[in-house]
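Here are some questions on a structure, with worked answers. Look at the sequence and the model first.

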Amino acid sequence: MPRAGFKSVTIKEETYRELEEAYAREREVLAREGVPSLTAYVTRIVARHLQEQQKTRLKHFNMFENVIRIQDAKLKRLVDVDFRNGEMFCGYCHTTECLHTGFAWGLYRNHPPAPAKE
Ligand SMILES: [Zn+2]
(Lines give C-alpha, C1' and ligand atoms only; values in the text may rest on other atoms or scores of the structure.)
Protein backbone atom coordinates (compact mmCIF):
# COMPACT_ATOMS: atom_id res chain seq x y z
CA MET A 1 0.00 0.00 0.00
CA PRO A 2 1.32 3.47 -0.85
CA ARG A 3 1.73 5.86 2.07
CA ALA A 4 -0.95 8.48 2.84
CA GLY A 5 -1.39 11.07 0.10
CA PHE A 6 0.00 8.77 -2.59
CA LYS A 7 -1.53 6.38 -5.12
CA SER A 8 0.25 3.62 -6.98
CA VAL A 9 0.32 2.68 -10.65
CA THR A 10 1.46 -0.77 -11.70
CA ILE A 11 4.00 -0.87 -14.50
CA LYS A 12 6.05 -3.68 -16.03
CA GLU A 13 9.32 -4.54 -14.30
CA GLU A 14 11.18 -3.77 -17.51
CA THR A 15 9.71 -0.25 -17.65
CA TYR A 16 10.48 0.27 -13.98
CA ARG A 17 14.10 -0.78 -14.52
CA GLU A 18 14.40 1.64 -17.46
CA LEU A 19 13.08 4.43 -15.27
CA GLU A 20 15.50 3.52 -12.48
CA GLU A 21 18.42 3.49 -14.91
CA ALA A 22 17.46 6.82 -16.47
CA TYR A 23 17.07 8.30 -12.98
CA ALA A 24 20.45 6.88 -11.87
CA ARG A 25 22.19 8.37 -14.93
CA GLU A 26 20.80 11.88 -14.25
CA ARG A 27 20.65 11.67 -10.47
CA GLU A 28 23.08 14.51 -9.70
CA VAL A 29 21.61 16.92 -12.25
CA LEU A 30 18.10 16.07 -11.07
CA ALA A 31 19.04 16.67 -7.43
CA ARG A 32 20.28 20.16 -8.36
CA GLU A 33 16.93 20.78 -10.13
CA GLY A 34 15.01 19.84 -6.98
CA VAL A 35 14.15 16.29 -8.05
CA PRO A 36 15.40 14.21 -5.11
CA SER A 37 13.86 10.77 -5.79
CA LEU A 38 12.62 8.33 -8.40
CA THR A 39 9.06 9.25 -7.38
CA ALA A 40 9.76 12.95 -7.98
CA TYR A 41 11.40 12.08 -11.30
CA VAL A 42 8.38 10.11 -12.55
CA THR A 43 6.03 12.83 -11.28
CA ARG A 44 7.96 15.43 -13.28
CA ILE A 45 7.88 13.35 -16.46
CA VAL A 46 4.12 12.83 -16.17
CA ALA A 47 3.41 16.48 -15.26
CA ARG A 48 5.40 17.73 -18.25
CA HIS A 49 3.62 15.34 -20.57
CA LEU A 50 0.20 16.46 -19.32
CA GLN A 51 1.15 20.15 -19.64
CA GLU A 52 2.23 19.58 -23.22
CA GLN A 53 -1.07 17.86 -23.99
CA GLN A 54 -3.05 20.78 -22.55
CA LYS A 55 -1.07 23.22 -24.66
CA THR A 56 -1.96 21.48 -27.90
CA ARG A 57 -5.49 20.45 -26.91
CA LEU A 58 -7.25 23.79 -27.25
CA LYS A 59 -7.15 26.11 -30.21
CA HIS A 60 -8.90 29.41 -30.66
CA PHE A 61 -11.42 29.03 -33.46
CA ASN A 62 -13.04 32.46 -33.60
CA MET A 63 -14.59 35.22 -31.53
CA PHE A 64 -17.75 37.13 -32.32
CA GLU A 65 -19.54 39.62 -30.12
CA ASN A 66 -19.62 37.88 -26.74
CA VAL A 67 -18.82 34.31 -27.75
CA ILE A 68 -15.37 32.79 -27.89
CA ARG A 69 -15.35 29.60 -29.93
CA ILE A 70 -12.67 27.04 -29.07
CA GLN A 71 -11.67 23.87 -30.90
CA ASP A 72 -11.14 21.11 -28.32
CA ALA A 73 -9.06 18.34 -29.88
CA LYS A 74 -9.72 15.87 -27.05
CA LEU A 75 -13.50 16.28 -27.23
CA LYS A 76 -13.27 16.52 -31.05
CA ARG A 77 -15.73 19.43 -31.13
CA LEU A 78 -16.16 23.17 -30.93
CA VAL A 79 -16.94 24.65 -27.53
CA ASP A 80 -18.57 28.07 -27.15
CA VAL A 81 -17.69 30.20 -24.16
CA ASP A 82 -20.06 33.10 -23.49
CA PHE A 83 -18.72 36.30 -22.01
CA ARG A 84 -21.48 37.90 -19.97
CA ASN A 85 -21.58 40.24 -16.99
CA GLY A 86 -17.83 39.97 -16.58
CA GLU A 87 -17.89 36.14 -16.48
CA MET A 88 -16.92 33.43 -18.93
CA PHE A 89 -19.51 30.67 -19.12
CA CYS A 90 -18.72 27.40 -20.88
CA GLY A 91 -21.63 26.07 -22.95
CA TYR A 92 -20.17 22.56 -22.86
CA CYS A 93 -19.26 22.18 -19.17
CA HIS A 94 -22.03 24.54 -17.95
CA THR A 95 -19.70 26.28 -15.54
CA THR A 96 -17.59 29.42 -15.25
CA GLU A 97 -14.57 27.40 -14.10
CA CYS A 98 -13.21 24.84 -16.53
CA LEU A 99 -10.34 24.39 -18.93
CA HIS A 100 -12.29 26.22 -21.67
CA THR A 101 -13.15 29.31 -19.63
CA GLY A 102 -9.53 29.50 -18.46
CA PHE A 103 -8.38 29.35 -22.06
CA ALA A 104 -11.02 31.93 -23.07
CA TRP A 105 -9.80 34.32 -20.36
CA GLY A 106 -6.29 34.02 -21.76
CA LEU A 107 -7.54 34.90 -25.26
CA TYR A 108 -9.70 37.72 -23.96
CA ARG A 109 -6.84 39.35 -22.06
CA ASN A 110 -4.68 39.29 -25.19
CA HIS A 111 -7.39 40.36 -27.65
CA PRO A 112 -10.55 41.80 -26.07
CA PRO A 113 -13.47 41.44 -28.50
CA ALA A 114 -15.12 44.54 -29.94
CA PRO A 115 -18.27 45.43 -27.96
CA ALA A 116 -21.55 44.16 -29.44
CA LYS A 117 -23.33 46.71 -31.63
CA GLU A 118 -26.38 48.32 -30.02
ZN1 LIG B 1 -15.66 23.88 -20.48
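Q: In which helix is Trp 105 found?
A: This is a predicted model; local features need pLDDT of at least 70, side-chain atom pairs count only at pLDDT 80 or more, and totals for chains, interfaces and linings use all residues. Residues are numbered from 1 along each chain as its sequence is written. Helices (H or I, at least four residues) and strands (E, at least two) are DSSP runs, numbered from the N terminus. Trp 105 falls within residues 99-110, which form helix 3.

Q: Is Trp 105 buried, partly exposed or exposed?
A: A residue is buried if 20 or more other C-beta atoms, placed from the backbone, lie within 10 Å of its own, exposed if 12 or fewer, and partly exposed in between. Trp 105 has 15 C-beta neighbours inside 10 Å, so the class is partly exposed.

Q: How far apart in space are Trp 105 and Ile 68?
A: In sequence, 37 residues separate Trp 105 and Ile 68. From C-alpha to C-alpha, the distance is 9.5 Å.

Q: Which residue stands opposite Ile 68 in strand 3?
A: Two strands pair if DSSP finds at least two bridges between them. Strand 2 (residues 67-72) and strand 3 (residues 77-84) are antiparallel, with six bridges. Opposite Ile 68 stands Val 81.

Q: Which residue in the hairpin of strand 3 and strand 4 takes a positive phi?
A: Strand 3 runs antiparallel to strand 4 (residues 87-90), joined by four bridges. Arg 84 has Glu 87 as its bridge partner in strand 4. Two residues lie between the strands of this hairpin, and the positive phi, near 50°, belongs to Asn 85.
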